[in-house]
Amino acid sequence: MSEPLKKTHLYEFHKKTAKMTEFAGFEMPLWYKGIIPEHMAVRKSVGIFDITHMGRALITSAKSDAFLNYVTTNDVAALTPLSAHYSNMCNEQGGIKDDFVLSRLEQEKFLIVYNATNRTKDYEWLVKNAKPFDVKVEDVSDNIAMFAVQGPKAQETLQKVADLDLNKVERFKCGWTKLAGLEGFVSRTGYTGEDGFEVFVWNSPLTNPANAVKVWKAILEAGKEFGIEPCGLGARDTLRLEAGMCLYGNDIDETTTPLEAVLGFVVKLKKDNFIGKEVLTKQKTEGLKRKRVGLIMLEKGIPRPHYEVWKDSQKIGNVTSGTQSPVLKQGIAVAYVSVEHAAEGNKVAVKIRDRLSEAQIVKFPFYDPTKYGHGRQT
Amino acid sequence: MRVLDYEIPDKLYYSKEHEWVRIEEKEAVVGITDYAQKQLHEIVYVEVQKVGANIEQFQTMGTVESVKSVSDIFAPVSGKITKVNEELTESPELLNQDPYGRGWLARVNLKDFNKDLRKLMTAQQYADYIKGMEE
């Protein structure tokens, strides 16, 4: 028998206003108004997501740095207190165990936020590898609510409920703050490509949803003047895809390495030993066989996971994520293709229902970064 | 008639896969129902077989895609496609906005409608079918 689905603090709100879906053992909102209006609210103004389903753990010890540098690929020494970075954990074969954001809360205390689908696996992996380091790994997933407030109006919205001056929190920095009077933590991170924050309601066990509900409603109220929309997992997926960010289970998994996924910027091969280093070093020296690229359709049609990618009547790879981009109104995809065909600008074809449709390899993000995303100039 | 949240026009015939059929002399106009478009939500792409194609009842005659999903369109009748709704290429959202009107999919020259009819539902039967599914 399957276990009953878990519910977040906001379940009653979602149930009343959203089309619900099952995701990673949780009953979550797929969309409220619709994927496209929610997506566009984030690109043009602000949206709020309940992401409490994600996994959260605290890592505390004088040896946290040594442990995290061994179990993750990025360089933890580069993280000053109250800063965060994107990173990967690999298995011994260099395959990606998970991707996540790691924040240093204090000199010897870290918060790791990983994928909902990998909650049990990651926690067990961390605990197993922590043994030689005398490190405490504490799963706090069910004690902290987590929202994402994303979009060009995210700061103005969140500032109305936070007492911390958010001007002082730069991208990939974090800080403690009161949120609607309650103890909270914010990091200037996200999964949409836009400026924005991930918001943690600290003392908020699933069994007592009142605090989380209070903060959620306060942010919705604060964002009203900007047309804030609650956003579901549907828009979360289209937003991250337009930004060229990976979805674990689709674009990366234990059979893909960070180098193949073009996440080499979070792999610090100069570090002392870390899990997967040997294989990744060898792969770097010998060169890749395949890599992750972006595809934009030059014809009508929507690429979807598992569709084949072709070049000159030869199969060169597969799509791992695809959708119709709400901003571009064209089909876009993430695919793995053999490196000899992976150059930007290269024309390839995606096999959609037995027909080859023309596509072009493009760089991430898919949108014009001067017009959308955190680096926008307008 | 209106059942639950769904419009079900009286004079059409319906399939279990949520396509509708409107008879106009020797031809039929076909489309997807209000229920279908509401389940799919935000339709962003439609593809129907070309004019001249022979279609068989309950076989695939096209594809409809929402942001998240891909679904087959099953022919509610057998015959030859004489016209497809070209407007849907640029405006697939017409399927959401007007599923029984401007969102029609194709016109079909019928092969043997009396035979097809045995496996279709009236509006009342389809309404009961929808109610059964929502329970």
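Predicted model: local features only at pLDDT ≥ 70, side-chain atom pairs only at ≥ 80, totals over all residues.

Let me start with chain A. This chain has eight helices and 19 strands. Its radius of gyration is 21 Å, close to the 21 Å that the globule rule gives for 378 residues, so chain A is as compact as a globular protein of that length. Taken along the principal axes, the C-alpha atoms of chain A fill a box of roughly 60 × 50 × 50 Å. Of the 378 residues in chain A, 50% are buried. If one takes the contacts in chain A between residues at least 6 apart in sequence, 66% of them join residues at least 24 apart.

Chain B may be described in the same terms. Five helices and 11 strands are found in chain B. For its 135 residues the globule rule gives 14 Å, and the radius of gyration of chain B, at 14 Å, is close to that, so this chain too is as compact as a globular protein of its length. The C-alpha trace of chain B spans about 40 × 35 × 20 Å along its principal axes. Buried residues make up 43% of chain B. Of the contacts in chain B with a separation of 6 or more, 62% come from residues 24 or more positions apart.

I turn now to the nonpolar core. Which residues touch the most other members of the largest core? They are I112(A), F147(A), V149(A) and I219(A), in a core of 118 residues. Leaving aside residues up to four places away in sequence, V149(A) touches V46(A), I48(A), A154(A), T157(A), L158(A), G196(A), F197(A), V199(A) and I219(A). There is also a second, separate core of 25 residues, which includes V327(A), A333(A), A349(A) and I352(A).

Next, helix α2 of chain A, residues 35-44. Why can this helix be called largely enclosed by the rest of the structure? Seven of its 10 residues are buried, and that is the reason. The buried residues are I35(A), I36(A), E38(A), H39(A), A41(A), V42(A) and R43(A). The elements covering them include the strands β2 (26-31), β3 (47-50), β9 (145-150) and β13 (229-231), together with helix α7 (233-242), in chain A.

We come to the barrel. In chain A, six strands form a closed barrel in the order β14-β17-β16-β15-β18-β19, with antiparallel pairing. On average, neighbouring strands of this sheet are turned by 45 degrees against each other, direction ignored.

Four bridges join β15(A) to the antiparallel strand β16(A), residues 314-324. E308(A) has N318(A) as its bridge partner in β16(A), while V309(A) is partnered there by G317(A). The two strands form a hairpin with two residues between them, and D312(A) in the turn has a positive phi of about 50 degrees. β15(A) is also joined to β18(A), by two bridges, and these strands run antiparallel. In β18(A), V350(A) stands opposite V309(A).

How many residues does each chain bring to the contact? Chain A gives 10 residues and chain B gives nine. On the side of chain A that touches chain B, α2, α7 and β16 each supply at least two residues. By class, this side of chain A has three nonpolar, five polar and two charged residues.

Finally, some backbone details. Most residues other than glycine have a negative phi, and most peptide bonds are trans. R353(A), in the loop between β18 (347-352) and β19 of chain A, has a positive phi near 50 degrees. R353(A) is exposed, with 12 other C-beta atoms within 10 Å. In chain B, L4(B) has a positive phi near 55 degrees and lies in the loop between β1 (2-3) and β2 (6-7). L4(B) is likewise exposed, with 12 other C-beta atoms within 10 Å. The peptide bond from F364(A) to P365(A) is cis, with omega near -10 degrees; P365(A) is located in the segment after β19 (355-362) of chain A.

Thank you for your attention.

Methods:
Residues numbered from 1 in each chain as written. Chains lettered and ligands numbered in written order. Core = buried A, V, L, I, M, F, W, Y, C linked by C-beta atoms within 7 Å. Buried ≥ 20, exposed ≤ 12 C-beta atoms within 10 Å, placed from the backbone. Contact = placed C-beta atoms within 7 Å. Pairing = 2+ DSSP bridges. Axes fitted to C-alpha atoms, helices over the stretch in contact; angles between N-to-C directions. Nonpolar A, V, L, I, M, F, W, Y, C, P; charged D, E, K, R; others polar. Rg over C-alpha atoms; globule rule 2.2 N^0.38 Å.
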